[in-house]
Amino acid sequence: METLYQILNPDFLLRNSIYTSVLIGFACPLVGVFLVMRRLVFMGVALPQISSTGVAMALSLPMWLGFNLTEHGSHSTHALAFAGSITFTLTAILVLAFLERRGRGQPEGRLGTAYVVASALSILLLSKNPYGEIGWLDMLKGEVITISNFDLLLTAVTLVIVIAALALFHKELLLVSFDREMAVILRKKVVFWDMLLYLLIGLTVSMAVLSVGPLIAFGFLLIPALMAHLFARNMHQFTILASLIGGAVAFFGFWVAYQYDLPVGPTDVVLLGGLYAFAWIAAKILPRGLSITYKA
Amino acid sequence: MRADTQQTMDETLITLDNLSIGYNKQAVLTGMSFSISRGSFTAILGANGSGKSTLLKTVLGLLPPVAGHIDTASRGAPLVFGYVPQSVQFDAVYLLTAFEVALMGSYGRVRPGLIAPSRERAFTRECLRAAGAEEFARKRFAELSGGQKQRVLIARALTTRPDILVLDEPTAGVDRNATHSVMEFISQIRKERKITVLLVTHDFAAVRKHAEQVIWLHEGAVFYGTARELLSPERMAEMFERGID
(Lines give C-alpha, C1' and ligand atoms only; values in the text may rest on other atoms or scores of the structure.)
Protein backbone atom coordinates (compact mmCIF):
# COMPACT_ATOMS: atom_id res chain seq x y z
CA MET A 1 0.00 0.00 0.00
CA GLU A 2 2.93 2.29 0.62
CA THR A 3 3.79 2.14 -3.08
CA LEU A 4 0.22 3.11 -3.91
CA TYR A 5 0.43 6.19 -1.69
CA GLN A 6 3.74 7.05 -3.34
CA ILE A 7 2.43 6.95 -6.89
CA LEU A 8 -0.73 8.86 -5.92
CA ASN A 9 1.38 11.64 -4.41
CA PRO A 10 1.33 14.77 -6.66
CA ASP A 11 5.09 15.10 -6.12
CA PHE A 12 5.77 11.56 -7.33
CA LEU A 13 8.79 11.65 -9.65
CA LEU A 14 7.16 9.53 -12.38
CA ARG A 15 3.74 11.18 -12.13
CA ASN A 16 3.77 12.16 -15.81
CA SER A 17 4.38 8.54 -16.76
CA ILE A 18 1.43 7.27 -14.76
CA TYR A 19 -0.88 10.06 -15.97
CA THR A 20 0.10 9.29 -19.57
CA SER A 21 -0.35 5.53 -19.12
CA VAL A 22 -3.81 6.01 -17.63
CA LEU A 23 -4.80 8.50 -20.36
CA ILE A 24 -3.70 6.02 -23.04
CA GLY A 25 -5.46 3.24 -21.11
CA PHE A 26 -8.75 5.15 -21.20
CA ALA A 27 -8.48 6.44 -24.78
CA CYS A 28 -7.09 3.51 -26.81
CA PRO A 29 -10.05 1.17 -26.17
CA LEU A 30 -12.45 3.85 -27.46
CA VAL A 31 -10.99 3.54 -30.96
CA GLY A 32 -10.26 -0.15 -30.34
CA VAL A 33 -14.02 -0.73 -30.14
CA PHE A 34 -14.29 0.34 -33.80
CA LEU A 35 -11.36 -1.90 -34.81
CA VAL A 36 -13.11 -4.87 -33.17
CA MET A 37 -16.50 -4.05 -34.73
CA ARG A 38 -15.05 -3.53 -38.19
CA ARG A 39 -13.12 -6.82 -37.88
CA LEU A 40 -9.81 -4.97 -38.16
CA VAL A 41 -8.13 -6.62 -35.17
CA PHE A 42 -5.03 -7.52 -37.20
CA MET A 43 -4.78 -3.90 -38.24
CA GLY A 44 -4.70 -3.04 -34.54
CA VAL A 45 -1.61 -5.26 -34.25
CA ALA A 46 0.18 -3.87 -37.29
CA LEU A 47 -0.58 -0.15 -36.87
CA PRO A 48 1.38 0.52 -33.65
CA GLN A 49 4.39 -1.22 -35.14
CA ILE A 50 4.11 0.76 -38.38
CA SER A 51 3.74 3.92 -36.30
CA SER A 52 6.98 3.17 -34.46
CA THR A 53 8.70 2.65 -37.82
CA GLY A 54 7.52 6.16 -38.69
CA VAL A 55 9.18 7.41 -35.49
CA ALA A 56 12.41 5.62 -36.34
CA MET A 57 12.35 6.96 -39.89
CA ALA A 58 11.66 10.53 -38.74
CA LEU A 59 14.55 10.37 -36.27
CA SER A 60 16.89 8.94 -38.91
CA LEU A 61 16.12 11.60 -41.54
CA PRO A 62 18.09 14.47 -39.86
CA MET A 63 21.07 12.15 -39.41
CA TRP A 64 21.02 11.23 -43.10
CA LEU A 65 20.70 14.92 -44.01
CA GLY A 66 23.60 15.86 -41.72
CA PHE A 67 21.62 17.75 -39.00
CA ASN A 68 22.38 17.40 -35.31
CA LEU A 69 19.05 16.66 -33.65
CA THR A 70 20.19 17.31 -30.07
CA GLU A 71 20.85 21.00 -30.84
CA HIS A 72 17.14 21.61 -31.46
CA GLY A 73 15.85 20.43 -28.08
CA SER A 74 13.52 17.63 -27.05
CA HIS A 75 10.32 19.42 -28.19
CA SER A 76 11.44 19.50 -31.82
CA THR A 77 12.55 15.87 -31.56
CA HIS A 78 9.14 14.96 -30.20
CA ALA A 79 7.36 16.97 -32.90
CA LEU A 80 9.47 15.28 -35.58
CA ALA A 81 8.76 11.85 -34.12
CA PHE A 82 5.03 12.66 -34.00
CA ALA A 83 5.09 13.78 -37.66
CA GLY A 84 6.80 10.52 -38.66
CA SER A 85 4.42 8.45 -36.58
CA ILE A 86 1.21 10.07 -37.84
CA THR A 87 2.40 10.05 -41.48
CA PHE A 88 3.22 6.34 -41.43
CA THR A 89 0.11 5.40 -39.45
CA LEU A 90 -2.33 7.30 -41.66
CA THR A 91 -0.69 6.14 -44.88
CA ALA A 92 -0.75 2.53 -43.67
CA ILE A 93 -4.35 2.67 -42.44
CA LEU A 94 -5.58 4.20 -45.71
CA VAL A 95 -3.69 1.73 -47.92
CA LEU A 96 -4.67 -1.30 -45.80
CA ALA A 97 -8.31 -0.20 -45.56
CA PHE A 98 -8.44 0.39 -49.32
CA LEU A 99 -7.02 -3.06 -50.04
CA GLU A 100 -9.39 -4.57 -47.47
CA ARG A 101 -12.38 -2.93 -49.17
CA ARG A 102 -11.33 -4.21 -52.60
CA GLY A 103 -11.50 -7.68 -51.06
CA ARG A 104 -8.63 -9.13 -53.07
CA GLY A 105 -5.66 -11.12 -51.79
CA GLN A 106 -5.16 -12.22 -48.20
CA PRO A 107 -5.70 -9.46 -45.63
CA GLU A 108 -4.02 -11.49 -42.85
CA GLY A 109 -0.99 -12.02 -45.07
CA ARG A 110 -0.72 -8.33 -45.88
CA LEU A 111 -1.07 -7.26 -42.25
CA GLY A 112 1.32 -9.96 -41.01
CA THR A 113 3.92 -8.90 -43.57
CA ALA A 114 3.42 -5.21 -42.70
CA TYR A 115 3.86 -6.02 -39.00
CA VAL A 116 7.02 -8.06 -39.33
CA VAL A 117 8.70 -5.76 -41.86
CA ALA A 118 7.83 -2.68 -39.76
CA SER A 119 9.27 -4.34 -36.63
CA ALA A 120 12.52 -5.25 -38.34
CA LEU A 121 12.84 -1.85 -40.03
CA SER A 122 12.36 0.03 -36.74
CA ILE A 123 15.15 -1.91 -35.07
CA LEU A 124 17.46 -1.56 -38.07
CA LEU A 125 16.90 2.20 -38.34
CA LEU A 126 17.35 2.89 -34.64
CA SER A 127 20.36 0.59 -34.23
CA LYS A 128 22.27 2.79 -36.72
CA ASN A 129 21.01 6.05 -35.20
CA PRO A 130 22.89 7.67 -32.28
CA TYR A 131 19.64 9.28 -31.06
CA GLY A 132 18.03 5.86 -30.95
CA GLU A 133 20.06 5.19 -27.85
CA ILE A 134 18.61 8.24 -26.08
CA GLY A 135 15.47 6.53 -24.93
CA TRP A 136 13.78 5.58 -28.21
CA LEU A 137 14.75 1.92 -28.06
CA ASP A 138 13.39 1.87 -24.50
CA MET A 139 10.17 3.39 -25.82
CA LEU A 140 9.88 0.64 -28.44
CA LYS A 141 10.27 -1.92 -25.65
CA GLY A 142 7.50 -0.29 -23.63
CA GLU A 143 9.50 1.49 -20.92
CA VAL A 144 7.38 4.43 -19.76
CA ILE A 145 9.85 6.53 -17.81
CA THR A 146 10.84 9.88 -19.27
CA ILE A 147 7.69 11.82 -20.10
CA SER A 148 8.00 15.60 -19.96
CA ASN A 149 5.19 18.02 -19.08
CA PHE A 150 5.07 18.97 -22.77
CA ASP A 151 4.66 15.31 -23.81
CA LEU A 152 1.93 14.85 -21.23
CA LEU A 153 0.11 17.98 -22.37
CA LEU A 154 0.38 16.97 -26.04
CA THR A 155 -0.96 13.49 -25.23
CA ALA A 156 -3.82 14.90 -23.15
CA VAL A 157 -4.87 17.47 -25.77
CA THR A 158 -4.73 14.93 -28.62
CA LEU A 159 -6.71 12.35 -26.70
CA VAL A 160 -9.32 14.89 -25.59
CA ILE A 161 -9.80 15.85 -29.26
CA VAL A 162 -10.15 12.18 -30.22
CA ILE A 163 -12.61 11.43 -27.42
CA ALA A 164 -14.66 14.57 -28.18
CA ALA A 165 -14.86 13.68 -31.91
CA LEU A 166 -15.82 10.07 -31.11
CA ALA A 167 -18.55 11.22 -28.73
CA LEU A 168 -19.83 13.95 -31.03
CA PHE A 169 -19.96 11.85 -34.20
CA HIS A 170 -20.66 8.44 -32.65
CA LYS A 171 -23.98 8.22 -34.48
CA GLU A 172 -22.40 8.73 -37.92
CA LEU A 173 -19.34 6.55 -37.26
CA LEU A 174 -21.56 3.74 -36.00
CA LEU A 175 -23.92 3.98 -38.97
CA VAL A 176 -21.15 3.79 -41.62
CA SER A 177 -19.55 0.90 -39.74
CA PHE A 178 -22.75 -1.11 -39.16
CA ASP A 179 -24.58 -0.52 -42.44
CA ARG A 180 -22.60 1.28 -45.11
CA GLU A 181 -25.33 0.84 -47.73
CA MET A 182 -27.92 2.46 -45.47
CA ALA A 183 -25.53 5.37 -44.87
CA VAL A 184 -25.16 5.88 -48.65
CA ILE A 185 -28.94 5.70 -49.13
CA LEU A 186 -29.41 8.31 -46.37
CA ARG A 187 -26.95 10.48 -48.35
CA LYS A 188 -24.31 10.49 -45.64
CA LYS A 189 -20.77 11.37 -46.76
CA VAL A 190 -19.50 7.85 -46.18
CA VAL A 191 -15.93 8.46 -47.39
CA PHE A 192 -15.65 11.54 -45.14
CA TRP A 193 -16.81 9.59 -42.05
CA ASP A 194 -14.47 6.70 -42.88
CA MET A 195 -11.58 9.15 -43.22
CA LEU A 196 -12.50 10.80 -39.92
CA LEU A 197 -12.55 7.44 -38.15
CA TYR A 198 -9.18 6.48 -39.67
CA LEU A 199 -7.77 9.86 -38.67
CA LEU A 200 -8.94 9.36 -35.07
CA ILE A 201 -7.49 5.83 -34.99
CA GLY A 202 -4.25 7.14 -36.52
CA LEU A 203 -3.96 10.01 -34.02
CA THR A 204 -4.61 7.73 -31.04
CA VAL A 205 -2.16 5.08 -32.23
CA SER A 206 0.54 7.66 -33.00
CA MET A 207 0.15 9.37 -29.65
CA ALA A 208 0.06 6.07 -27.77
CA VAL A 209 3.15 4.76 -29.57
CA LEU A 210 5.06 8.00 -28.93
CA SER A 211 4.08 8.10 -25.26
CA VAL A 212 4.15 4.47 -24.19
CA GLY A 213 5.42 2.41 -27.14
CA PRO A 214 3.82 -0.02 -29.62
CA LEU A 215 3.46 -2.88 -27.16
CA ILE A 216 1.13 -1.03 -24.78
CA ALA A 217 -0.60 0.71 -27.67
CA PHE A 218 -1.52 -2.64 -29.19
CA GLY A 219 -2.52 -4.11 -25.83
CA PHE A 220 -4.82 -1.23 -24.97
CA LEU A 221 -6.29 -0.88 -28.45
CA LEU A 222 -7.70 -4.37 -28.55
CA ILE A 223 -7.72 -6.39 -25.33
CA PRO A 224 -10.04 -4.11 -23.26
CA ALA A 225 -12.49 -3.95 -26.18
CA LEU A 226 -12.44 -7.74 -26.62
CA MET A 227 -12.92 -8.17 -22.88
CA ALA A 228 -15.79 -5.67 -22.66
CA HIS A 229 -17.55 -7.35 -25.59
CA LEU A 230 -17.90 -10.51 -23.49
CA PHE A 231 -20.14 -8.77 -20.93
CA ALA A 232 -21.69 -5.69 -22.52
CA ARG A 233 -25.32 -5.71 -23.64
CA ASN A 234 -25.33 -2.57 -25.75
CA MET A 235 -22.98 -0.13 -27.45
CA HIS A 236 -22.86 2.31 -24.54
CA GLN A 237 -21.83 -0.42 -22.12
CA PHE A 238 -19.35 -1.80 -24.66
CA THR A 239 -17.59 1.55 -25.12
CA ILE A 240 -17.62 2.67 -21.48
CA LEU A 241 -16.63 -0.73 -20.08
CA ALA A 242 -13.72 -1.06 -22.54
CA SER A 243 -12.44 2.39 -21.60
CA LEU A 244 -12.78 1.74 -17.86
CA ILE A 245 -10.97 -1.60 -18.14
CA GLY A 246 -8.16 0.12 -20.07
CA GLY A 247 -7.81 2.96 -17.57
CA ALA A 248 -7.96 0.68 -14.52
CA VAL A 249 -5.43 -1.83 -15.91
CA ALA A 250 -3.07 1.01 -16.90
CA PHE A 251 -3.13 2.31 -13.33
CA PHE A 252 -2.89 -1.12 -11.69
CA GLY A 253 -0.16 -2.21 -14.12
CA PHE A 254 1.92 0.84 -13.31
CA TRP A 255 1.51 0.14 -9.59
CA VAL A 256 2.61 -3.50 -10.00
CA ALA A 257 5.54 -2.51 -12.25
CA TYR A 258 6.70 0.13 -9.77
CA GLN A 259 6.28 -2.21 -6.80
CA TYR A 260 8.31 -5.04 -8.37
CA ASP A 261 10.67 -2.91 -10.53
CA LEU A 262 9.31 -4.25 -13.82
CA PRO A 263 8.97 -2.53 -17.21
CA VAL A 264 5.51 -0.94 -17.38
CA GLY A 265 4.59 -1.95 -20.95
CA PRO A 266 5.07 -5.70 -20.67
CA THR A 267 3.49 -5.66 -17.19
CA ASP A 268 0.36 -3.93 -18.52
CA VAL A 269 0.04 -6.28 -21.48
CA VAL A 270 0.55 -9.44 -19.41
CA LEU A 271 -2.07 -8.16 -16.94
CA LEU A 272 -4.48 -7.48 -19.79
CA GLY A 273 -3.87 -10.93 -21.27
CA GLY A 274 -4.40 -12.64 -17.89
CA LEU A 275 -7.57 -10.66 -17.26
CA TYR A 276 -8.88 -11.47 -20.73
CA ALA A 277 -8.37 -15.20 -20.12
CA PHE A 278 -10.13 -14.88 -16.76
CA ALA A 279 -12.96 -12.83 -18.30
CA TRP A 280 -13.40 -15.36 -21.12
CA ILE A 281 -13.79 -18.21 -18.62
CA ALA A 282 -16.13 -16.10 -16.47
CA ALA A 283 -18.26 -15.24 -19.51
CA LYS A 284 -18.62 -18.95 -20.32
CA ILE A 285 -19.77 -19.70 -16.77
CA LEU A 286 -21.89 -16.63 -16.03
CA PRO A 287 -25.13 -15.87 -17.88
CA ARG A 288 -24.88 -12.92 -20.28
CA GLY A 289 -26.98 -10.64 -18.14
CA LEU A 290 -24.73 -8.81 -15.74
CA SER A 291 -25.60 -5.56 -17.35
CA ILE A 292 -28.33 -2.96 -17.14
CA THR A 293 -31.26 -3.42 -19.54
CA TYR A 294 -31.21 -0.81 -22.26
CA LYS A 295 -34.15 1.56 -22.11
CA ALA A 296 -35.55 2.45 -25.54
CA MET B 1 -43.81 -7.93 -73.24
CA ARG B 2 -40.17 -6.73 -73.25
CA ALA B 3 -38.38 -4.27 -70.99
CA ASP B 4 -39.08 -1.26 -73.14
CA THR B 5 -42.74 -1.35 -72.19
CA GLN B 6 -43.79 1.94 -70.61
CA GLN B 7 -46.31 2.17 -67.90
CA THR B 8 -48.42 5.26 -67.73
CA MET B 9 -49.88 5.98 -64.34
CA ASP B 10 -50.46 9.17 -62.39
CA GLU B 11 -47.02 9.96 -61.01
CA THR B 12 -43.76 8.33 -62.03
CA LEU B 13 -41.23 7.89 -59.23
CA ILE B 14 -38.49 5.94 -61.00
CA THR B 15 -37.69 5.99 -64.70
CA LEU B 16 -35.12 3.72 -66.31
CA ASP B 17 -34.06 4.90 -69.75
CA ASN B 18 -32.11 2.36 -71.82
CA LEU B 19 -30.25 1.41 -68.65
CA SER B 20 -27.40 -1.08 -68.52
CA ILE B 21 -26.33 -2.37 -65.12
CA GLY B 22 -23.39 -4.38 -63.83
CA TYR B 23 -20.13 -4.28 -61.89
CA ASN B 24 -16.78 -2.73 -62.86
CA LYS B 25 -18.21 -1.42 -66.17
CA GLN B 26 -19.16 -4.99 -67.17
CA ALA B 27 -22.86 -5.04 -68.05
CA VAL B 28 -25.00 -7.83 -66.61
CA LEU B 29 -28.29 -6.56 -68.07
CA THR B 30 -28.73 -4.03 -70.87
CA GLY B 31 -31.40 -1.87 -72.51
CA MET B 32 -33.85 -1.62 -69.61
CA SER B 33 -36.57 0.99 -70.04
CA PHE B 34 -39.55 1.12 -67.74
CA SER B 35 -40.98 3.21 -64.96
CA ILE B 36 -42.41 2.70 -61.49
CA SER B 37 -45.39 4.77 -60.39
CA ARG B 38 -46.29 6.12 -56.97
CA GLY B 39 -48.37 3.70 -54.94
CA SER B 40 -47.53 0.64 -57.06
CA PHE B 41 -46.33 -2.74 -55.81
CA THR B 42 -43.59 -4.04 -58.10
CA ALA B 43 -41.76 -7.33 -57.68
CA ILE B 44 -38.38 -8.17 -59.21
CA LEU B 45 -38.20 -11.89 -59.93
CA GLY B 46 -35.37 -14.03 -61.19
CA ALA B 47 -33.00 -16.87 -60.43
CA ASN B 48 -29.79 -16.47 -58.41
CA GLY B 49 -27.25 -14.48 -60.41
CA SER B 50 -29.87 -13.05 -62.77
CA GLY B 51 -29.08 -9.47 -61.70
CA LYS B 52 -31.94 -8.78 -59.23
CA SER B 53 -29.72 -7.35 -56.50
CA THR B 54 -27.62 -5.46 -59.07
CA LEU B 55 -30.77 -3.80 -60.40
CA LEU B 56 -31.92 -2.97 -56.89
CA LYS B 57 -28.55 -1.50 -55.90
CA THR B 58 -28.46 0.59 -59.07
CA VAL B 59 -31.93 1.97 -58.35
CA LEU B 60 -30.83 2.78 -54.79
CA GLY B 61 -27.71 4.61 -56.03
CA LEU B 62 -25.33 2.08 -54.48
CA LEU B 63 -23.97 1.11 -57.89
CA PRO B 64 -23.46 3.46 -60.85
CA PRO B 65 -25.21 2.50 -64.12
CA VAL B 66 -22.91 1.03 -66.78
CA ALA B 67 -24.85 2.97 -69.45
CA GLY B 68 -28.14 4.78 -69.87
CA HIS B 69 -29.98 6.91 -67.39
CA ILE B 70 -32.01 6.44 -64.22
CA ASP B 71 -34.19 9.17 -62.79
CA THR B 72 -35.20 8.84 -59.14
CA ALA B 73 -36.87 12.10 -58.27
CA SER B 74 -40.34 13.15 -57.28
CA ARG B 75 -41.50 16.70 -58.00
CA GLY B 76 -37.88 17.77 -58.38
CA ALA B 77 -36.82 16.42 -54.98
CA PRO B 78 -34.68 13.29 -54.60
CA LEU B 79 -36.65 10.22 -53.56
CA VAL B 80 -36.38 8.94 -50.01
CA PHE B 81 -35.78 5.19 -50.07
CA GLY B 82 -36.75 2.96 -47.17
CA TYR B 83 -34.35 0.10 -47.79
CA VAL B 84 -34.84 -3.31 -46.19
CA PRO B 85 -31.68 -5.39 -46.80
CA GLN B 86 -31.35 -9.09 -46.06
CA SER B 87 -31.07 -9.47 -42.30
CA VAL B 88 -28.29 -12.08 -42.58
CA GLN B 89 -25.81 -9.45 -43.81
CA PHE B 90 -25.44 -7.81 -40.39
CA ASP B 91 -22.51 -8.66 -38.15
CA ALA B 92 -23.50 -9.92 -34.69
CA VAL B 93 -20.46 -8.19 -33.16
CA TYR B 94 -22.49 -4.93 -33.03
CA LEU B 95 -24.26 -4.76 -29.68
CA LEU B 96 -27.23 -2.81 -31.01
CA THR B 97 -30.75 -3.17 -29.73
CA ALA B 98 -33.66 -3.45 -32.15
CA PHE B 99 -34.64 0.11 -31.21
CA GLU B 100 -31.16 1.46 -32.00
CA VAL B 101 -31.21 -0.27 -35.42
CA ALA B 102 -34.66 1.15 -36.19
CA LEU B 103 -33.62 4.63 -34.99
CA MET B 104 -30.90 4.69 -37.71
CA GLY B 105 -33.69 5.32 -40.21
CA SER B 106 -34.08 8.81 -38.75
CA TYR B 107 -30.37 9.71 -39.12
CA GLY B 108 -30.99 11.23 -42.55
CA ARG B 109 -32.93 14.00 -40.78
CA VAL B 110 -30.62 14.43 -37.78
CA ARG B 111 -27.58 16.63 -38.35
CA PRO B 112 -24.10 15.28 -37.61
CA GLY B 113 -23.02 15.85 -34.03
CA LEU B 114 -26.58 15.90 -32.69
CA ILE B 115 -28.39 13.03 -31.00
CA ALA B 116 -31.77 11.95 -32.32
CA PRO B 117 -34.37 14.24 -30.69
CA SER B 118 -37.29 12.88 -28.70
CA ARG B 119 -39.75 13.35 -31.59
CA GLU B 120 -37.61 11.06 -33.77
CA ARG B 121 -37.37 8.51 -30.97
CA ALA B 122 -41.15 8.64 -30.54
CA PHE B 123 -41.62 8.20 -34.31
CA THR B 124 -39.22 5.23 -34.26
CA ARG B 125 -41.29 3.62 -31.51
CA GLU B 126 -44.40 4.24 -33.61
CA CYS B 127 -42.77 2.54 -36.63
CA LEU B 128 -41.68 -0.41 -34.47
CA ARG B 129 -45.26 -0.69 -33.25
CA ALA B 130 -46.59 -0.54 -36.81
CA ALA B 131 -44.13 -3.25 -37.84
CA GLY B 132 -45.15 -5.45 -34.90
CA ALA B 133 -41.65 -5.18 -33.44
CA GLU B 134 -42.37 -3.11 -30.34
CA GLU B 135 -42.24 -6.03 -27.91
CA PHE B 136 -38.62 -6.88 -28.78
CA ALA B 137 -37.40 -3.28 -29.21
CA ARG B 138 -35.12 -3.58 -26.19
CA LYS B 139 -33.62 -6.91 -27.22
CA ARG B 140 -30.32 -7.22 -29.03
CA PHE B 141 -30.86 -7.18 -32.79
CA ALA B 142 -28.37 -10.02 -33.33
CA GLU B 143 -30.33 -12.29 -30.97
CA LEU B 144 -33.67 -11.94 -32.78
CA SER B 145 -35.12 -14.57 -35.11
CA GLY B 146 -35.06 -14.03 -38.89
CA GLY B 147 -38.70 -12.89 -38.98
CA GLN B 148 -38.21 -10.52 -36.04
CA LYS B 149 -35.12 -8.99 -37.67
CA GLN B 150 -37.10 -8.38 -40.85
CA ARG B 151 -39.79 -6.56 -38.89
CA VAL B 152 -37.16 -4.36 -37.24
CA LEU B 153 -35.58 -3.60 -40.63
CA ILE B 154 -39.00 -2.77 -42.05
CA ALA B 155 -39.55 -0.46 -39.06
CA ARG B 156 -36.18 1.16 -39.80
CA ALA B 157 -37.20 1.64 -43.44
CA LEU B 158 -40.49 3.24 -42.31
CA THR B 159 -38.55 5.52 -39.95
CA THR B 160 -36.91 7.13 -43.00
CA ARG B 161 -40.43 8.43 -43.98
CA PRO B 162 -39.93 6.83 -47.40
CA ASP B 163 -41.43 7.60 -50.79
CA ILE B 164 -40.67 4.03 -51.74
CA LEU B 165 -40.06 0.89 -49.70
CA VAL B 166 -37.34 -1.26 -51.28
CA LEU B 167 -37.02 -4.81 -49.96
CA ASP B 168 -34.23 -7.24 -50.89
CA GLU B 169 -35.55 -10.79 -50.36
CA PRO B 170 -37.21 -9.96 -47.04
CA THR B 171 -38.23 -13.57 -46.53
CA ALA B 172 -34.81 -15.14 -47.20
CA GLY B 173 -33.87 -17.39 -44.28
CA VAL B 174 -37.30 -16.91 -42.69
CA ASP B 175 -39.61 -19.84 -41.91
CA ARG B 176 -42.89 -20.38 -43.79
CA ASN B 177 -45.20 -18.87 -41.18
CA ALA B 178 -43.01 -15.82 -40.73
CA THR B 179 -42.75 -15.44 -44.52
CA HIS B 180 -46.54 -15.29 -44.81
CA SER B 181 -46.72 -12.85 -41.92
CA VAL B 182 -43.99 -10.55 -43.34
CA MET B 183 -45.60 -10.47 -46.81
CA GLU B 184 -49.05 -9.75 -45.38
CA PHE B 185 -47.57 -6.97 -43.29
CA ILE B 186 -45.81 -5.35 -46.27
CA SER B 187 -49.03 -5.44 -48.24
CA GLN B 188 -51.01 -4.00 -45.34
CA ILE B 189 -48.55 -1.20 -44.59
CA ARG B 190 -48.51 -0.28 -48.27
CA LYS B 191 -52.29 0.13 -48.30
CA GLU B 192 -52.39 2.01 -44.99
CA ARG B 193 -49.57 4.44 -45.76
CA LYS B 194 -49.98 4.52 -49.55
CA ILE B 195 -46.30 3.64 -49.96
CA THR B 196 -44.74 2.44 -53.21
CA VAL B 197 -43.16 -1.01 -52.85
CA LEU B 198 -40.28 -2.49 -54.85
CA LEU B 199 -39.58 -6.06 -53.77
CA VAL B 200 -36.92 -8.57 -54.79
CA THR B 201 -38.02 -12.13 -54.19
CA HIS B 202 -37.96 -15.75 -55.33
CA ASP B 203 -41.44 -16.32 -53.94
CA PHE B 204 -43.82 -16.72 -56.91
CA ALA B 205 -46.82 -17.34 -54.65
CA ALA B 206 -46.28 -14.11 -52.74
CA VAL B 207 -45.81 -12.15 -55.97
CA ARG B 208 -49.02 -13.57 -57.43
CA LYS B 209 -50.90 -12.57 -54.30
CA HIS B 210 -49.50 -9.11 -53.58
CA ALA B 211 -47.66 -7.58 -56.56
CA GLU B 212 -49.25 -5.57 -59.36
CA GLN B 213 -46.22 -5.25 -61.65
CA VAL B 214 -43.42 -7.73 -62.21
CA ILE B 215 -39.91 -7.21 -63.56
CA TRP B 216 -38.68 -10.67 -64.45
CA LEU B 217 -34.99 -11.16 -65.14
CA HIS B 218 -34.45 -14.37 -67.06
CA GLU B 219 -31.26 -15.49 -68.82
CA GLY B 220 -30.12 -11.95 -69.61
CA ALA B 221 -33.55 -10.78 -70.79
CA VAL B 222 -35.86 -8.40 -68.91
CA PHE B 223 -39.64 -8.90 -68.97
CA TYR B 224 -41.96 -6.29 -67.59
CA GLY B 225 -45.70 -6.48 -67.14
CA THR B 226 -48.55 -7.06 -64.75
CA ALA B 227 -48.31 -9.96 -62.31
CA ARG B 228 -51.48 -11.50 -63.73
CA GLU B 229 -50.09 -11.45 -67.26
CA LEU B 230 -46.47 -12.51 -66.63
CA LEU B 231 -47.24 -15.17 -64.05
CA SER B 232 -49.98 -16.93 -66.00
CA PRO B 233 -49.12 -20.62 -66.57
CA GLU B 234 -49.11 -20.09 -70.34
CA ARG B 235 -46.72 -17.15 -70.18
CA MET B 236 -44.40 -18.88 -67.75
CA ALA B 237 -44.40 -22.03 -69.86
CA GLU B 238 -43.53 -19.94 -72.87
CA MET B 239 -40.63 -18.33 -71.04
CA PHE B 240 -39.23 -21.52 -69.61
CA GLU B 241 -40.26 -23.55 -72.68
CA ARG B 242 -42.00 -25.91 -70.31
CA GLY B 243 -45.04 -25.82 -68.07
CA ILE B 244 -44.82 -24.57 -64.54
CA ASP B 245 -47.73 -24.92 -62.22
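Residues are numbered from 1 along each chain as its sequence is written, and chains are lettered from A and ligands numbered from 1 in the order in which they are written. In this predicted model, local features need pLDDT of at least 70 and side-chain atom pairs count only at pLDDT 80 or more, while totals for chains, interfaces and linings use all residues.

**Exercise 1. How many helices and strands are there in chain A, and what share of its residues counts as buried?**

Start with the elements, which are DSSP runs numbered from the N terminus: helices are H or I with at least four residues, and strands are E with at least two. Chain A has 13 helices and 0 strands. Next, apply the burial rule: a residue is buried if 20 or more other C-beta atoms, placed from the backbone, lie within 10 Å of its own, exposed if 12 or fewer, and partly exposed in between. Of the 296 residues in chain A, 46% are buried.

**Exercise 2. Is A:S17 buried or exposed, and in which helix is it found?**

First find its helix: A:S17 sits in helix 2 of chain A, residues 15–37. Then look at its surroundings: A:S17 counts as buried because it has 24 C-beta neighbours inside 10 Å. Lastly, pick out A:N149, which is 132 residues from A:S17 in sequence, with 9.8 Å between the two C-alpha atoms.

**Exercise 3. Describe how helix 3 of chain A crosses helix 5 of chain A.**

Two packed helices are described by the angle between their axes and the distance between the axes. Axes are lines fitted to C-alpha atoms, for helices over the stretch in contact, and angles run from 0 to 180 degrees between N-to-C directions. For helix 3 and helix 5 (residues 107–127) of chain A, the axes come within 8 Å and cross at roughly 30°. That is why helix 3 of chain A is roughly parallel to helix 5 of chain A (under 35 degrees is roughly parallel, over 145 roughly antiparallel, 65 to 115 roughly perpendicular and the rest oblique). The crossing is left-handed (the near helix is turned anticlockwise from the far one by less than a right angle; clockwise is right-handed).

Now for the residues, where contact means C-beta atoms, placed from the backbone, within 7 Å. Among those that meet are A:F42 and A:M43 in helix 3 of chain A, and A:P107 and A:E108 in helix 5 of chain A. By class, this contact has 15 nonpolar, 6 polar and 1 charged (Ala, Val, Leu, Ile, Met, Phe, Trp, Tyr, Cys and Pro are nonpolar, Asp, Glu, Lys and Arg charged, and the others, Gly among them, polar).

**Exercise 4. At roughly what angle do helix 3 and helix 10 of chain A cross?**

The axes of helix 3 (residues 41–65) and helix 10 (residues 190–212) of chain A cross at roughly 65° and come within 9 Å. This crossing is right-handed. The residues in contact divide into 7 nonpolar, 3 polar and no charged.

**Exercise 5. Into which domains is chain B divided, and how many residues of each are in contact?**

An automatic or database domain assignment supplies the bounds: domain 1 of chain B is 1–79 + 163–245, and domain 2 is 91–162. Their C-alpha centres lie 25 Å apart. Across the contact, 13 residues of domain 1 of chain B face 8 residues of domain 2 of chain B. On the domain 1 side, helix 5 of chain B gives the largest share, 5 residues.

**Exercise 6. How many residues does each chain give to the contact of chain B with chain A?**

Chain B gives 22 residues and chain A gives 23 residues. The chain B side has 15 nonpolar, 4 polar and 3 charged residues.

Key. Two residues are in contact if their C-beta atoms, placed from the backbone, lie within 7 Å.
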